[in-house]
Amino acid sequence: MTVTGEAVVAAPEVRPRGLRNLKPTKATWPLWAMTAGMPFAYLLGIQGFVWCLPAVVLGARILSDRNVRFPKSSIPLLVFLGWILLSMTMISSGSGYLLFAYRWLLFAGALTSLVWLVNVSEERVRSMQIYDWLAALWICLVVFGYLGVLFPDFVQKSPFQILLGPIGNVGFVDELARWRFAETQGFLGYPLPRPAAPFNATNGWGAAVGILTPFFLRSWIVQPDRRRRRTGYLLGLAGVYPIIGSVNRGLWISLIVGMVYFAARKALRGQFAAFGVLCAAMVAVVLLLLATPAGQLVGDKLDKSEKSNDSRSTLYGEAFAGAVDSPFIGNGAPVRPPDARPDMPPIGTHGMLWYLMFVHGFVGMALFLIWLGGEVFRSGRVRTADGWWTHLALVIGLVQVPFYGLLPQVVLFGIAAGLSHREDPA
């Protein structure tokens, strides 16, 4: 294995054309299972475990190939994976080791997805096919969003849980495998079902929708097939309601920042069409808020956000204090203080930034942020048409780091970075 800053795949201009489909191959099935194959994974009850496939399967392929080359930008993430193993010394329970292993595999999946996509040829795996699969996952999340609205109380053991017997009832397994369409919360003063599936929480749903939106736009909106584009417009409009109805501020903020950033970059290059689309989208959303009950939901969320902000501020302060106590290797896992209120989540669970800081210390946090920030900066210099969309996905992900846990969504960072490297011939 070697480290290089050079691309190892063909430039986009010479990509072979082929029929667009959602079928996996022997080479691509680990990525397919967690994207276009998510409905099947959910029916089986393995929706939380398929995110580990890139680390296990692609990792095995990388280790068995002596000619694999690592991009220079991936080195901080590689060092991060080794460094955070030291955090295991702070764990004292068997279940803690299992949780640590699961989370480590998710970070490893980001690296293996990146490295594998950089090394595999365009003839064997087309980038556009991966775009289409990521877009299919976005559509899947929208469908799950409507299921959450229609069947908010649906909770059922999955076939995988039933097959596992008593082990399926263990909290860690139950969270990853149980069928549940919505997370019903009462922070607005009344029960509010919020989209969650195929994740175990609404924030996971919102984080994935945000990161995947650029891929949906590229797959369905920005391409010459008029029939597909018209269908894409309808799918995009259908996605507006669950996005607003989720009252997920993190999702809203990251999408707004991403759209404004994209329009500004285009405008600086003399291309104002994106700015016009942004203005039209904002007008459409305002009209939707005024003409539907979604406006009341948004207003209630903004009115009741002070309590949520206070709770988060408390968790952030405790995460920082805990990181100061163990600045190099962290605390190994999120912790619930013995004197905490029953409604307060464990320290280190309200944002990737605070998770890294508390669980893996300031060193681990710095290594991961150096990698992600480096990929955002590098991808921003890519000048191909498709390079814009991978860069935008990474920008949206970076915006989400302070307030979303991004596990398992971190694997999507690796896929986006790998696709971006394919667009960069330098």
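In this predicted model, Ser93 comes out as partly exposed, because its relative accessibility is 32%, and the cut-off for buried is under 20%. Ser93 sits in the loop between α4 (75–83) and α5 (94–119). A polar atom of the Ser93 side chain lies 3.1 Å from the backbone nitrogen of Gly96.

Further along, Thr112 lies in helix α5. Thr112 counts as buried because its relative accessibility is 10%. A polar atom of its side chain is found 2.9 Å from the backbone oxygen of Pro54. Setting aside neighbours within four places in sequence, Thr112 is in contact with Pro54, Ala55, Leu58, Gly59 and Ile62.

Those contacts lead over to helix α3. This helix covers residues 53–63, and its buried residues are Pro54, Ala55, Val57, Leu58, Gly59 and Ile62. What do the buried residues of α3 pack against? Their partners are α1 (29–33), β2 (69–71), α5 and α17 (410–423).

Next come the charged pairs. Side chains of opposite charge can pair when their charged atoms come close. The count here comes to 6 salt bridges. One of them joins Glu122 and Arg422, with the closest N and O atoms 3.0 Å apart. This pair links distant parts of the chain, given that Glu122 is in the loop between α5 and α6 while Arg422 is in helix α17, 300 residues away. Are the two partners, Glu122 and Arg422, buried or exposed? Both Glu122 and Arg422 are buried.

Asp132 and Arg228 also form a salt bridge, and here the closest N and O atoms are 3.5 Å apart. Asp132 belongs to helix α6 and Arg228 to helix α10, so the pair ties together parts that lie 96 residues apart in sequence. Asp132 is buried, with a relative accessible area of 5%. Arg228 counts as buried too, because its relative accessibility is 17%, and under 20% is what buried takes.

Another salt bridge brings together the side chains of Asp386 and Arg218, at 2.4 Å from N to O. Again, distant parts of the chain are linked: Asp386 is in helix α16 (residues 385–400) and Arg218 in helix α9 (residues 202–221), 168 residues apart. Asp386 counts as buried at 10% relative accessibility. Arg218 is likewise buried, with a relative accessible area of 14%. Salt bridges also link Glu375, Arg378 and Asp424 in a network.

Back to helix α10, the one that holds Arg228. How does the span of α10 fit with its number of residues? The helix has 20 residues (226–245), and at 1.5 Å a residue these should span 28 Å. The expected span is 1.5 Å times one less than the number of residues.

At the start of α10, a side-chain oxygen of Asp225 comes within 3.1 Å of the backbone nitrogen of Arg227. Within the helix, the buried residues are Arg228, Gly232, Gly239, Pro242, Ile243, Ile244 and Gly245. Just after α10, Val247 has a positive phi of about 40°.

Tyr241 takes part in a nonpolar patch on the surface, together with Val149, Leu150, Phe151 and Phe154. The accessible area of these residues comes to about 470 Å² together. Phe154 is in the loop between α6 (127–150) and β3 (155–156). Phe154 is partly exposed, because its relative accessible area is 30%, whereas over 50% would be needed to count as exposed.

Now for the chain as a whole. The secondary structure of the protein chain consists of 17 helices and 6 strands. Of the 426 residues in the chain, 52% are buried. Its accessible surface comes to about 19200 Å², and carbon and sulfur atoms account for 68% of that. How many of the contacts between residues at least 6 apart in sequence join residues at least 24 apart? The share is 77%.

Terms used: Residues numbered from 1 in each chain as written. Predicted model: local features only at pLDDT ≥ 70, side-chain atom pairs only at ≥ 80, totals over all residues. Heavy atoms only, no water. Helix = DSSP H or I, 4+ residues; strand = E, 2+ residues; numbered from the N terminus. Buried < 20%, exposed > 50% of the residue type's maximum accessible area, 1.4 Å probe, protein only. Polar contact = N/O pair within 3.5 Å; in protein donor to acceptor, adjacent residues only side chain to side chain. Patch = residues over 30% accessible without salt bridge, like charges linked within 9 Å, V, L, I, M, F, W, Y side chains within 5 Å. Areas by Shrake-Rupley, 256 points an atom, 1.4 Å probe, with all protein chains shown as cover. Salt bridge = Lys/Arg side-chain N within 4 Å of Asp/Glu carboxyl O. Contact = heavy atoms within 4.5 Å.
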